[in-house]
Amino acid sequence: MKLFVHRKDLRIGDLAGFDYLHAAGEPSLHLLILDPFLLKRDRHLAHSGVNFLRHAVRLQAQYAELGRTLDIVYGDPAEVIDDILAGVSPACSEIVLHADFTPYALVRDRRIRDAAERRGVRVTALVDHTLADLPALQHYAGRAEPYKVYTPFYRKWSEFLGLYHRPASPLTLRDLSTVSLATVEGGPALLARWPLPWALAAPAYPAAEAPEDRLREFVAQHVPSYAERRDHYAYDGTSSLSPAINTGAISIRAVYEAVQGCELAGAWLRQLAWRDFYIYQSLYDADFFSYEKRYDLSALSDRHFDSWRQARTGIPVVDAAMTELNETGRMPNRLRMITAMFLTKNLQCPFTLGEQYFRYKLSDYDNTLNRGGWLWCASLGFDAAPYFRIMNPVTQSQTHDPAGLYIRRWLPALAGLSDKAIHLPLPQAIVDLKASRAAAIDCYRTILQ
Ligand SMILES: Cc1cc2nc3c(=O)[nH]c(=O)nc-3n(C[C@H](O)[C@H](O)[C@H](O)COP(=O)(O)OP(=O)(O)OC[C@H]3O[C@@H](n4cnc5c(N)ncnc54)[C@H](O)[C@@H]3O)c2cc1C
């Protein structure tokens with residue numbers, strides 16, 4: 001028997017691990033381990049945790065619809081797996097899972113491998129979450145050095161995918177032979193040892209909506225106007241697929257294939273390439289997860305952090321975006337750039353504080369993409385925003401939402417202002433935009449030299 005462990009791959013079709021299990025031809029036990037470390041500090045109540053748990057509930061229901069069981073337990077993954085290897089019969093001959101390269105995931109998976117090795121069991125980790133096989137792309141490009149600039153990366157990425165795209169697999173859970181803990185020896189006792197705390201029990205979380213429906217609607221209605229509309233954040237011009245992509249509720253290959261043949265899909269594909277580019281950086285830039293240690297950020301401070309997170313900066317577009325984030329877990333990309341740059345530059349706050357805040361608040365939170373976005377705004381890392389090019393939130397608001405519709409929606413107290421006045425700093429604004437911009441340029445010049 002094999003053990004398949006779901007992580008950020010909460011779906012039942014087109015999984016590298018399922019293809020592998022199918023080829024192996026042995027029955028498999030399918031497990032989702034809710035990790036107390038990842039759910040600490042009441043993460044299950046935060047938008048990011050809720051999104052993951054709602055997709056987990058949907059996944060369990062999809063298993064049940066096919067008459068299969070997804071066992072969900074709560075505990076330290078290495079300890080749970082060790083317990084399974086020790087106490088369940090028939091014995092597990094191999095653990096199959098999908099690779100994850102974030103710092104915590106690497107440590108967690110090292111501990112899983114150690115536990116498995118001690119019991120003589122092999123762990124097979126397959127890469128499933130990127131569009132391009134990134135080490136193969138690097139090899140194809142024939143480069144010793146990684147790409148540090150997005151555009152040449154994108155060109156090579158497109159060329160590589162044109163030749164080597166791995167098509168979405170037609171295999172699904174239906175094609176596998178599965179068993180459940182309830183039906184194997186030692187399984188029921190194991191389930192009792194790793195129960196879900198009541199706060200995580202399924203009824204508390206409604207199943208997430210099917211991302212395939214959203215993808216179909218987006219491709220049919222929005223792809224052609226994406227390039228023009230994506231930054232007009234008052235309208236619903238982007239796919240909103242990120243909460244499903246990051247939990248693996250929809251396969252990135254299926255997303256890519258859905259727009260093949262669409263004439264005007266280029267701008268959207270460029271965004272999917274940005275996703276791969278940040279994952280590429282996490283693999284090829286040794287500092288990606290530790291820039292805060294490489295640079296001295298001690299000149300920065302958390303003085304204005306609370307005003308920023310509580311949407312009390314007095315800059316309407318920033319406060320509107322933070323209100324949307326706090327209330328819904330959503331924030332369009334352009335507004336993430338505006339709010340993150342405002343925090344790191346005008347408010348001179350370390351990017352790590354904003355990054356941590358987004359970790360709890362964003363329903364589509366992803367460790368690598370979030371860090372990539374924050375590094376970009378803080379002028380750190382590959383192809384980041386130059387430190388002297390600081391977005392002015394007022395100009396951004398006037399350009400991308402001239403009628404102030406977004407501000408009116410999220411800050412109803414300002415709804416009566418004219419189209420001209422609605423973008424302007426309020427009298428109680430916590431910084432002067434011009435002076436704080438000049439100060440930030442001086443400060444970051446010193447930090448980055
Ligand atoms: C400070 C900051 C933090 C961010 N944190 C996250 C995060 O935690 N999780 C996350 O998924 N994205 C993050 N992003 C990137 C981006 O904002 C979101 O991916 C996007 O807003 C999701 O909306 P959508 O699904 O409608 O995207 P669409 O515009 O429809 O794009 C399709 C897909 O492409 C990818 N994508 C789009 N824009 C980017 C981008 N700029 N960088 C990398 N991939 C992109 C996403 O997978 C997205 O779902 C962050 C950006 C910034 C500036």
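User: Among contacts in the chain between residues at least 6 apart in sequence, what share joins residues at least 24 apart?

Analyst: The share is 79%. Two residues are in contact if their C-beta atoms, placed from the backbone, lie within 7 Å. This is a predicted model: local features need pLDDT of at least 70, side-chain atom pairs count only at pLDDT 80 or more, and totals for chains, interfaces and linings use all residues. Residues are numbered from 1 along each chain as its sequence is written.

User: How many helices and strands does the chain have, and what makes a run count as one?

Analyst: The chain has 21 helices and six strands. Both are DSSP runs, numbered from the N terminus: helices are H or I with at least four residues, strands are E with at least two.

User: Which domains does the assignment give?

Analyst: Domain 1 is 1-128, domain 2 is 130-168 + 212-284, and domain 3 is 291-448. These bounds come from an automatic or database domain assignment. The contact between domain 1 and domain 3 takes six residues from domain 1 and nine residues from domain 3. The C-alpha centres of domain 1 and domain 3 lie 36 Å apart.

User: Why is the ligand said to lie between two domains?

Analyst: Domain 2 and domain 3 both give residues to the shell around the ligand, so it lies between them. The shell holds 28 residues, and the closest are T238, S239, N333, N370 and G373. A residue is near a molecule if its C-beta atom, placed from the backbone, lies within 6 Å of it. Helix 10 (242-246), helix 12 (266-284), helix 16 (333-346) and helix 18 (367-377) each supply at least two shell residues.

User: How does the shell around the ligand divide by class?

Analyst: It has 14 nonpolar, nine polar and five charged residues. Nonpolar covers Ala, Val, Leu, Ile, Met, Phe, Trp, Tyr, Cys and Pro; charged covers Asp, Glu, Lys and Arg; the others, Gly among them, are polar.

User: Why does D14 count as buried?

Analyst: A residue is buried if 20 or more other C-beta atoms lie within 10 Å of its own, exposed if 12 or fewer, and partly exposed in between, with C-beta atoms placed from the backbone. D14 has 23 C-beta neighbours inside 10 Å, so D14 counts as buried. Over the chain, buried residues make up 41% of the 449 residues.

User: Why is V318 called buried, and which residues does V318 touch?

Analyst: V318 has 30 other C-beta atoms within 10 Å, so V318 is buried. V318 is found in helix 15 (residues 316-328). Not counting residues up to four places away in sequence, V318 touches T313, I338, T339, F342 and P393.

User: What makes S240 and E212 partly exposed?

Analyst: S240 has 18 other C-beta atoms within 10 Å. E212 has 16. S240 sits in the loop between helix 9 (226-229) and helix 10. E212 lies in helix 8 (residues 211-221).

User: What makes the backbone at D14, S240 and P90 worth a look?

Analyst: Most residues other than glycine have a negative phi, and most peptide bonds are trans. D14 has a positive phi, near 55°. S240 also has a positive phi, of about 55°. The S89 to P90 peptide bond is cis, with omega near 5°. P90 is in the loop between helix 3 (77-87) and strand 4. D14 is in the loop between strand 1 and helix 1.

User: Which residues of helix 1 are buried, and what do they pack against?

Analyst: The buried residues of helix 1 (residues 16-24) are A16, G17, F18 and L21. They pack against strand 1 (2-6), strand 2 (28-34), strand 4 (94-98) and strand 5 (122-126). G25 follows helix 1 and has a positive phi, near 70°.
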